[in-house]
Amino acid sequence: MAAKKKPYVKLQCAICKNINYNTHKSKTMEGKLDLIKFCKKCRKRIKHKELKK
Ligand SMILES: [Zn+2]
């Protein structure tokens, strides 16, 4: 059996679809992640959404 991996998700910019961040998803965080993060490509703070594998 494979070792248990921490559930981790990628955060994708809602505007340019660039994947800018990787983050670990904690057990308490259910559902979709929505975070305001700085996007280098857009050069401003954009809502980033969780990207499913
Ligand atoms: Zn962007």
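Mentor: Reading along the sequence, you will find that the protein chain follows the pattern β-β-β-β, and its secondary structure comes to zero helices and four strands. Please keep in mind that this is a predicted model.

Trainee: What is the mean pLDDT of the protein chain, and in which strand is confidence lowest?

Mentor: The mean over the protein chain is 85, with 85% of its residues at 70 or more. Strand E1, residues 8-13, has the lowest confidence at a mean of 90, whereas E4 has the highest, at 94.

Trainee: How should I read the sheet, and in what order do its strands lie?

Mentor: In general, the strands of a sheet pair through backbone hydrogen bonds, in either a parallel or an antiparallel manner. Here the sheet is open and consists of four strands in the order E2-E1-E4-E3, with antiparallel pairing. Strand E2 (19-24) and strand E3 (34-39) each have a single partner strand and stand at the edges, so one side of each is left without a neighbour in the sheet. On average, neighbouring strands of this sheet are turned by 40° against each other, if direction is ignored.

Trainee: Taking the pairs one by one, how many bridges join E1 to E2, and what lies between these strands?

Mentor: Five bridges join E1 to E2, which run antiparallel, and within this pair Val9 stands opposite Thr23 in E2. The two strands E1 and E2 form a hairpin with five residues between them, and in the turn Lys17 has a positive phi of about 65°.

Trainee: Finally, what share of the residues counts as buried, and what share of the contacts links residues 24 or more positions apart?

Mentor: Of the 53 residues of the protein chain, 11% count as buried. Among the contacts in the protein chain with a separation of 6 or more, 44% are between residues 24 or more positions apart.

Technical notes:
Residues are numbered from 1 along each chain as its sequence is written. This is a predicted model: local features need pLDDT of at least 70, side-chain atom pairs count only at pLDDT 80 or more; totals for chains, interfaces and linings use all residues. Two strands pair if DSSP finds at least two bridges between them. Axes are lines fitted to C-alpha atoms, for helices over the stretch in contact, and angles run from 0 to 180 degrees between N-to-C directions. pLDDT is the predictor's confidence in each residue, from 0 to 100. A residue is buried if 20 or more other C-beta atoms lie within 10 Å of its own, exposed if 12 or fewer, and partly exposed in between; C-beta atoms are placed from the backbone. Two residues are in contact if their C-beta atoms, placed from the backbone, lie within 7 Å.
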